[in-house]
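Dear colleague,

Please find below the structure I am handing over to you, with its sequence. My findings follow directly after it.

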Amino acid sequence: MIDTQLAKTRLDSIVEQLLTYFVGDALLLKKMLAAALTNSHILFEDYPGLGKTLLVKLFAKSTGCTFTRIQFTPDMLPADILGTRVWQPNLGSFETMRGPIFTQVLLADEINRATPRTQSALLEAMQENQVTIEGETHPLPRPFLVLATQNPIELEGTYPLPEAQLDRFAVQLSLGYPTTAEEEVTILKRRITWKTDDPSEFVQPVGDAADFVELQALVENSVYVDQAILEYITEIVRRTRDHPRVEVGVSPRGGMALMKLGRAFALVEGRDFVTPDDVKLLAADTFAHRTILRLEDALEDYPVRDVIEEVVSSVTVPTDYRRGSP
Ligand SMILES: Nc1ncnc2c1ncn2[C@@H]1O[C@H](COP(=O)(O)OP(=O)(O)OP(=O)(O)O)[C@@H](O)[C@H]1O
Ligand SMILES: [Mg+2]
């Protein structure tokens with residue numbers, strides 16, 4: 001079993017590999033890594049061309065995981081994702097053809113272009129970590145991580161994910177545009193050096209998929225969450241339900257997602273206990289997509305993240321949360 005320090009070294013190396021090729025915010029990459037460490041799924045809400053495909057490929061490469069990309073379209077059927085049984089005349093039998101979902105890192109591009117039937121086939125598999133193909137159950141690999149993208153501008157011809165399905169994603173993140181002009185110049189300069197749009201082939205893997213699974217186990221087994229932190233998360237969750245702008249607040253599943261992420265993020269930071277700052281930092285990413293505002297606020301596009309931040313700042317922050325504190 002590895003320890004927290006070794007884990008931190010490995011996780012730092014992954015972030016370093018990502019930042020060698022992807023220009024962006026280290027904090028965002030750490031959040032992504034934390035979600036991956038909880039073996040859960042990420043929804044990216046971003047405009048085209050911001051480096052989503054690049055980042056997910058780099059992530060798969062640097063963790064030694066297999067990678068597949070599915071571009072969702074309205075004519076796609078559940079079997080196109082999950083797989084099917086096909087008659088093999090030369091064998092005289094039906095053989096199972098596994099679909100593209102059987103991968104460790106799955107980039108599900110424009111998930112809202114698929115019909116609800118196909119979306120729910122994917123989301124069900126994500127929830128259960130297994131796939132049923134004509135009555136036969138097949139476990140999905142470990143780790144199994146779906147990074148789905150939605151384009152915030154194009155609504156025509158899309159099927160927005162229902163709230164119940166959004167709840168399946170641990171966090172919703174946005175890469176956003178590069179913050180400074182220097183960053184943008186860096187992207188261009190690196191392209192000249194590498195002579196390719198896809199530098200993921202240059203990535204040095206930091207261990208293999210089994211090593212990543214070991215890190216996931218370390219989060220489950222070694223990162224301490226104090227009762228005070230559990231109460232802090234619970235108070236935030238419950239107050240989202242009472243906020244005057246909120247129609248539907250955060251579910252217990254949402255609270256659980258924040259706890260898991262907090263533990264994973266602690267490990268990314270090289271700690272074996274969760275702090276209130278971990279919770280604060282991740283609350284809006286975890287809760288915004290699980291919160292439905294009242295119609296009048298939703299129509300005015302009132303930012304859900306602001307509501308969550310407001311709730312967070314209204315809750316008393318615990319001070320004793322270390323192992324063995326009273
Ligand atoms: N932050 C960034 N860092 C490094 N390269 C970037 C960044 N943003 C964009 N690029 C470069 O821009 C190109 C487009 O990126 P990519 O295909 O990953 O975007 P995308 O977000 O997946 O777009 P789409 O939504 O159309 O699929 C790539 O060549 C990528 O290397
Ligand atoms: Mg892309």
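Helix α12 supplies the largest share of the lining of the largest pocket, namely 4 residues. This is a predicted model, and the pocket in question has a computed volume of about 1000 Å³. Its lining comprises 35 residues, and those nearest the centre are Glu45, Leu166, Gln172, His289 and Val304. Besides α12 (295–299), the elements that contribute two or more residues are the helices α2 (26–37), α6 (163–166), α11 (276–287) and α13 (304–314), together with the strands β1 (42–45), β9 (171–173) and β11 (292–293). In terms of residue class, the lining of the largest pocket consists of 19 nonpolar, 8 polar and 8 charged residues.

The main contributor here is helix α7 (residues 181–194), which gives 7 residues to the lining. The class division for this second pocket is 13 nonpolar, 7 polar and 6 charged residues.

I would also draw your attention to helix α3. Which residues of helix α3 are buried? Within its span of residues 52–62, they are Lys52, Leu55, Val56, Leu58, Phe59, Ala60 and Ser62. In an α-helix, residues three or four places apart point the same way, because there are 3.6 residues a turn. Just after α3, Gly64 adopts a positive phi of about 70°.

With kind regards

Terms used. Residues are numbered from 1 along each chain as its sequence is written. Chains are lettered from A and ligands numbered from 1 in the order in which they are written. This is a predicted model: local features need pLDDT of at least 70, side-chain atom pairs count only at pLDDT 80 or more; totals for chains, interfaces and linings use all residues. Side-chain values use heavy atoms; hydrogens and water are left out. On a 1 Å grid over the protein atoms alone, a cavity is a set of points where a 1.4 Å probe fits but cannot get out, and a pocket is an open set with protein on both sides within 12 Å along at least five of seven lines; lining residues have an atom within 4 Å of a point. Grid points are joined across faces, edges and corners, and a volume is the space filled by probe spheres set on the points. Ala, Val, Leu, Ile, Met, Phe, Trp, Tyr, Cys and Pro count as nonpolar, Asp, Glu, Lys and Arg as charged, and the others, Gly among them, as polar. Buried means under 20% relative accessible area, exposed over 50%, partly exposed in between (1.4 Å probe, protein chains only).
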